[in-house]
Amino acid sequence: MAIIIDENTKCIVQGLTGKQGSFHTKQMKEYGTKIVSGVTPGKKGEKVEGIPVFNTIKEALEHEKAEISVMFVPPKFAKDAAFEALENDLHLVIITEHIPVHDAMEIMALAKKKNKIVIGPNCPGIISPGKSKLGIMPNHIFKEGKIGVISRSGTLTYEIVNELTNSGFGQSTVIGIGGDPIIGLDFIEGLKKFEKDDDTKAVILIGEIGGNMEEKTAEFLKDYPKPVIAYIAGRTAPKGKTMGHAGAIIQGNAGTAEQKIKAFEKSGIKVAELPSEIIKMLKDAKFS
Amino acid sequence: MEKGFLTQKLFIPVYLNSKGMKLKEYQGKEIFHDNGIKIPDSFLITSPEQIKELKGEVVLKAQVLHGGRGKAGLIQTATQEDAKQKAEEMFKKDVKEILVEEKVDVKEEYYLSITIDRTEKKAMLMFSKEGGIDIEELAEKHPKKIKKYYLDEEFSPKKTAKELEIPQWLIEKLYEIFKKYDLELIEINPLVKVDDNLLALDSKIIVDDNALFRQKFEKDESLTDIEKKAKEAGLSYVELEGNIGIIGNGAGLVMSTLDMVNHYGGKVANFLDVGGGADKEKMEKSLELVMIKKPKGIFINIFGGITRCDDIAQGLIDYKKEHNIEIPVVIRMIGTNEEEAKKILEENQIHFINSMEEGAKKIVELVK
């Protein structure tokens, strides 16, 4: 088992015909992801990697049913594309970076109303190793296994997953939830899904400065039944500067790594100071 | 039940320092005025000579983006007699524009703003009858005196207006402006009562950077020179205090790299994220930017996914050939085309490290 996506999940790619869309679709297909159709307005009838392209999601769904869409659509058109997916009852993975924050808020409000999962925006996507991938992560570093990973970052996730794989810890599902201030699925929602997944034995949270998601998650984790290990990037970040991710910023005294670490530790969650310590902590953790 | 440790402290999710574009006070007030929110009479000057005949006492307000204007002497009351001289002194402090505003007799000062609550994913209105001081200070001193409302489907401007004892139209107008101009923050602090009118005595507005394509604002001015250059080149750069230059790909990885160098006793000179799929040219540009601060060493940390390690290696070699870098450079790469990169670097006698931790240790050792 895995969470959100597995080998049977049927997917649509929005923005399939673009440079990013077609490049990553090839990689996803090679990984085994079941991509049934693509959508790019005005490109109906084309084929990319053998996948038929349609003008609208409705047409695509008439061709073949799907559950989730992965979006490679420029920021200007992202809101409309996301609305189209959600209105047609699809879950959504938004890879697009630089979506206006007001648009992101509207997307999340609609997702809530429609009871749909949104991953991202500005994220590397989701992968259930050995089964399916929706996103842009490098295929070869992942290995099927029992560790769940939820992360606010991209390459840092690869770094840590790579160490996990090299140390023999495979992953059940890895989710990059995105680096923007407004994102869909967060740590708590991901943790709830991992809790129900029998194949996930422990969860790693990769957080960073900015916002108070880690603090809220720490509260939630007080009664969590599975081992959780956290890592927070940005211990040395100065106040008031955006560190690459739009959401990674210490505002006044809020959002510091120190506060987040303290909150986790108060809930009995171990926080690794260096990525390499995660492995050590996993080895020490008691889980079968 | 034990009370949550989080709920004890009020979290203010204000975008005080977001990467968004900050507007100067007078620019914000122009927006207020255009949308029917009253502001005091004022005019903008760019030299002391522009002060002619004043109707009465005025306040000179330097139009700069940083906070703490009062303490820095950048807000001063003046009269016809001393206005020119005071303005002259203010202009000497790296001030280019001054707003000359009628002095308003203030009885009550309120705080009113709309910003975005990241956790709730909603716009949020904040109001307090204790205006005039910084919202963070306010949250610290009188957390209970700040009222918060989420602007979602259940929000009622009518009910809120009644509770806060401010006009309903003002709440509606503020929210309309917030949406219309793609704002991350709109703040009136203080909002003052003069006779029966409410006046916006100051303005703080931050526009979402990502929405500038559909807004008519001029470009941001609150960046350092290097940060400006980085932005033009599509790189994410933050200037820091130390002496070890850092280049990496991906914000999280770069932050983690800074933390690691710091952990082993080094001091980092910058944050630089080359972004996804960076090429040779971006790498050369990155080196150029990092070298401006004359670091004592550089640590490059690349996890090759979309980014190809050989491109990054070639960028480094090309830059080194053209410019004489005499400081130690440690490069750590892993992922796509790692072997090719290794070959390029070895041919040029550059040491290549496989682990991020070893790389961090190495650069700290070399710089000491």
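**Notes on a predicted two-chain model**

1. A word on the ground rules. This is a predicted model, in which local features need pLDDT of at least 70 and side-chain atom pairs count only at pLDDT 80 or more, while totals for chains, interfaces and linings use all residues. Residues are numbered from 1 along each chain as its sequence is written, chains are lettered from A and ligands numbered from 1 in the order in which they are written, and side-chain values use heavy atoms, with hydrogens and water left out.

2. Back to Thr165(A), which sits in helix 5 (residues 155-166) of chain A. Helices (H or I, at least four residues) and strands (E, at least two) are DSSP runs, numbered from the N terminus. Thr165(A) counts as buried because its relative accessibility is 17%; buried means under 20% relative accessible area, exposed over 50%, partly exposed in between (1.4 Å probe, protein chains only). Leaving out residues up to four places away in sequence, Thr165(A) touches Ile141(A), Phe142(A), Lys143(A) and Gln171(A), where contact means heavy atoms within 4.5 Å.

3. Chain A also holds an open sheet of seven strands with mixed pairing, ordered 9-8-11-10-12-13-14. Two strands pair if DSSP finds at least two bridges between them. Strand 9 (132-135) and strand 14 (270-272) of chain A each have a single partner strand, so they stand at the edges, with one side of each left without a neighbour in the sheet. From one strand to the next, the twist averages 20°.

4. Strand 8 (residues 125-128) of chain A pairs with strand 9 of chain A in the antiparallel sense, over four bridges. Within strand 9 of chain A, Lys133(A) is the bridge partner of Ile127(A). Helix 1 (residues 19-31) of chain A packs on the sheet, touching strand 8 and strand 9 of chain A, and its direction makes about 165° with that of strand 9 of chain A. Axes are lines fitted to C-alpha atoms, for helices over the stretch in contact, and angles run from 0 to 180 degrees between N-to-C directions.

5. Chain A is split into domain 1 (10-119) and domain 2 (125-284), with bounds that come from an automatic or database domain assignment. The C-alpha centres of these two domains of chain A are 25 Å apart. Across the boundary, 19 residues of domain 1 of chain A are in contact with 21 residues of domain 2 of chain A.

6. Chain B has domain 1 (41-102), domain 2 (108-214) and domain 3 (225-367). Its secondary structure comes to 11 helices and 17 strands, and 53% of the 368 residues of chain B count as buried.

7. One local spot in chain B is worth a look: where does Asn35(B) sit? Asn35(B) lies in the loop between helix 1 (25-34) and strand 2 (42-45) of chain B. With 8% relative accessibility, Asn35(B) counts as buried. A polar atom of the Asn35(B) side chain lies 2.8 Å from the backbone oxygen of Ile31(B).

Note on methods: Polar contact = N/O pair within 3.5 Å; in protein donor to acceptor, adjacent residues only side chain to side chain.
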